[in-house]
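Visitor: Hi there, could you walk me through this one? I'd like to hear about the sheet and then the charged pairs.
Guide: Happy to, let's bring it up.

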Amino acid sequence: MQYSNVLFDLGGVLIDVNVKRSMAAFAALIAAPSQGEIPNTLSELVTAEGLLGGHTSQLIDQYQIGAISTDTFINTILTQCRPETTRQQVIDAWYAMLGGMRPEKKQLLKDLEANGKKIYILSNINELHVTWTLSHCPELMVAERLFFSNEIRMSKPDPRCYEVVLRETGINPADTVYVDDLPANIEAGKAFGFQCLHAVDDSWMETLLG
């Protein structure tokens, strides 16, 4: 595979994500925890697919593009929780899905940098998760640029996201590998001429280095 640049997604690609942990944490904060699941009122706000970027939760979608503040996001969820629920408990539940970077992925970034590849990040993300990511994953600082949806005010697979990356970096998509875990984002990348790797498992790492 011939390329000079790599454009990475974060969640599900470089950073491990387990949405069941967040869903379980939110379920523990609801008014009737004995039900064992998030009730309809909260499930409309926080969905497992929405946590993965599937655009099934308007609240998450709005938060990801910076259309609402962190305070609004947290306070909206608090309206569906037990009265004694704290702001920090909501934040902890929101963080619960994040698993960090495995050693082999940290090494991958080092190897790419050592081989002269330029690294870029394009992620559908939000202010709280940005804070966590920058604190827990310093290895990402090898990236030339990090494009976060809440900062560019749009989210994948909106074509404008890729236009922003190309305009601000000047990279050639034909000379760039784009790695993402969502089919819709991969299709959007292909439309711009990127070499695309769909991260359905970890085999993309061997392809990238092979």
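Guide: A definition to begin with: two strands pair if DSSP finds at least two bridges between them. Helices (H or I, at least four residues) and strands (E, at least two) are DSSP runs, numbered from the N terminus. This is a predicted model, where local features need pLDDT of at least 70, side-chain atom pairs count only at pLDDT 80 or more, and totals for chains, interfaces and linings use all residues. Residues are numbered from 1 along each chain as its sequence is written, and side-chain values use heavy atoms, with hydrogens and water left out.

Visitor: Good. Which residue stands opposite Leu-7 in strand 6?
Guide: That is Tyr-178. Strand 1 (residues 5-8) and strand 6 (residues 176-180) run parallel, joined by four bridges.

Visitor: And what is the order of the strands in the open sheet?
Guide: The order is 5-4-1-6-7, five strands with parallel pairing. At the edges stand strand 5 and strand 7 (195-198), each with a single partner strand, so one side of each has no neighbour in the sheet. From one strand to the next, the twist averages 20°; axes here are lines fitted to C-alpha atoms, for helices over the stretch in contact, and angles run from 0 to 180 degrees between N-to-C directions.

Visitor: Which strands does helix 11 touch?
Guide: Helix 11 (residues 183-191) packs on the sheet against strand 6 and strand 7, and its direction makes about 170° with that of strand 7. Contact means heavy atoms within 4.5 Å.

Visitor: Changing topic: which residues are buried in helix 5?
Guide: In helix 5 (residues 70-78) they are Thr-70, Phe-73, Ile-74 and Ile-77. They cover an arc of only 90° around the axis, so they sit on the same side of helix 5. The arc is that of the directions from the helix axis to the C-beta atoms. Buried means under 20% relative accessible area, exposed over 50%, and partly exposed in between (1.4 Å probe, protein chains only).

Visitor: Now the charges. How many salt bridges are there?
Guide: The count comes to 13, taking a salt bridge as a side-chain nitrogen of Lys or Arg within 4 Å of a carboxyl oxygen of Asp or Glu.

Visitor: What does Lys-105 pair with?
Guide: Lys-105 forms a salt bridge with Asp-16, the closest N and O atoms being 3.8 Å apart. Lys-105 lies in helix 7 (residues 103-114) and Asp-16 in strand 2 (residues 16-17), so the pair ties together parts 89 residues apart in sequence.

Visitor: Is Lys-105 buried or exposed?
Guide: Buried, with a relative accessible area of 1%, whereas Asp-16 is partly exposed at 25%. Beyond neighbours within four places in sequence, Lys-105 is in contact with Val-13, Leu-14, Asp-16, Asp-202, Trp-204 and Met-205.

Visitor: One more pair: what does Arg-145 bridge to?
Guide: Glu-168, with the closest N and O atoms 2.7 Å apart. Arg-145 lies in strand 5 and Glu-168 in helix 10 (residues 159-169), so this pair ties together parts 23 residues apart in sequence. Arg-145 is partly exposed at 32% relative accessibility, and Glu-168 is partly exposed at 43%.
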